[in-house]
Amino acid sequence: MQIALANPTHISEVVSFFNENLDRNNSAVYSEEFLCPLGINAAIRRKQMIVAIVEGQVVGAFRFYRKKTQKNISLYQFAISEIYRGQGLLKKLLKTINDLPIISLCPTDSYLNDYYYKSGWYLQEQNEEFNMWIFND
């Protein structure tokens with residue numbers, strides 16, 4: 001498995017990967033921007049996308065941005081191929097940029113909150129709309 005910063009040659013494959021692994025009806029997909037190919041393209045060009053590749057295929061990816069004023073990294077979007085779920089791949093990917101705490105928002109009514117809790121993220125804050133999880137491994 002190769003884990004690396006995505007580059008422009010990965011754009012079409014990463015767009016296809018997210019289309020296959022993110023469902024518009026998923027309770028964790030709270031913004032249409034998660035499904036927008038232009039946003040994925042821009043993130044890759046800004047060096048804000050990490051990918052995991054096995055035998056030439058993307059099996060995991062996440063989009064992030066560094067918040068300089070708050071000294072943390074925002075996990076904006078991620079997906080893991082179904083066959084690689086439950087194996088700690090997201091944590092492995094996150095550790096490649098974990099020089100600052102990583103923050104992720106999750107809708108309070110999403111099943112994905114269970115994932116964050118079970119995989120060792122810490123609930124930092126919550127309101128009626130979102131839980132804010134923090135990864136600082």
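Me: How many salt bridges does a search of the whole structure find?
Reply: This is a predicted model, by the way. The search turns up one salt bridge.

Me: Which residues form that salt bridge, and how far apart are the closest N and O atoms?
Reply: Asp-99 pairs with Arg-66, and their closest N and O atoms sit 3.0 Å apart.

Me: What parts does the pair tie together?
Reply: Asp-99 is in the loop between α3 (89–94) and β5 (102–107), while Arg-66 belongs to strand β3 (residues 57–67), so the bridge links parts 33 residues apart in sequence.

Me: Is Asp-99 buried or exposed?
Reply: Asp-99 is exposed, with a relative accessible area of 56%. Arg-66 is partly exposed, at 38%.

Me: Switching to the inside. Which residues of the largest nonpolar core touch the most other members?
Reply: Phe-62, Leu-94, Ile-102 and Trp-121, out of 23 residues in that core.

Me: And which elements give two or more residues to this core?
Reply: Those are β2 (49–54), β3, β4 (72–80), α3, β5, α4 (112–118) and β7 (130–135).

Me: What does Ile-102 touch, not counting residues up to four places away in sequence?
Reply: With those neighbours left out, Ile-102 touches Ile-73, Leu-75, Leu-94, Ile-97, Trp-121, Trp-133, Ile-134 and Phe-135. There's also another core lying apart from the largest one, with 17 residues, among them Ile-40, Met-49, Ile-53 and Val-58.

Me: OK, helix α1. Which of its residues are buried?
Reply: In α1 (residues 11–21), the buried ones are Ile-11, Val-14, Val-15, Phe-17, Phe-18 and Asn-21. Looking down the helix axis, the buried residues fall within an arc of 160°, so they line one face of α1.

Me: What's on the face of α1 turned away from the buried side?
Reply: That face carries the exposed residues Ser-12 and Glu-20.

Me: And what covers the buried residues of α1?
Reply: The cover includes α2 (37–45), β2, β3 and β4.

Me: What about the rings of Tyr-116 and Trp-121?
Reply: Their centres are 4.9 Å apart with the planes at 85°, so Tyr-116 and Trp-121 are edge-to-face. Tyr-116 counts as buried at 1% relative accessibility, and Trp-121 counts as buried at 3%.

Me: Which residues form one aromatic cluster?
Reply: The cluster is made of Phe-78, Tyr-115, Tyr-116, Trp-121, Trp-133 and Phe-135.

Me: What does Asn-113 touch, not counting residues up to four places away in sequence?
Reply: Skipping those neighbours, Asn-113 touches Cys-106, Pro-107, Thr-108, Asn-131 and Trp-133. For Asn-113 and Asn-131, the C-alpha atoms are separated by 7.8 Å, and the two residues are 18 residues apart along the chain.

Me: And Asn-72, where does that lie?
Reply: Asn-72 lies in strand β4 and counts as buried at 10% relative accessibility. Leaving aside neighbours within four places in sequence, Asn-72 is in contact with Tyr-65, Arg-66, Lys-67, Leu-100, Pro-101 and Ile-103.

Me: Last one: where is Glu-55 found?
Reply: Glu-55 is in the loop between β2 and β3. At 79% relative accessibility, Glu-55 counts as exposed. The C-alpha atoms of Glu-55 and Leu-22 are separated by 21 Å, with the two residues 33 residues apart along the chain.

Definitions and conventions: Residues numbered from 1 in each chain as written. Predicted model: local features only at pLDDT ≥ 70, side-chain atom pairs only at ≥ 80, totals over all residues. Heavy atoms only, no water. Salt bridge = Lys/Arg side-chain N within 4 Å of Asp/Glu carboxyl O. Helix = DSSP H or I, 4+ residues; strand = E, 2+ residues; numbered from the N terminus. Buried < 20%, exposed > 50% of the residue type's maximum accessible area, 1.4 Å probe, protein only. Core = buried A, V, L, I, M, F, W, Y, C linked by side-chain atoms within 4.5 Å. Contact = heavy atoms within 4.5 Å. Arc of directions from axis to C-beta. Phe/Tyr/Trp six-rings, centres within 6.5 Å; stacked < 30°, edge-to-face > 60°.
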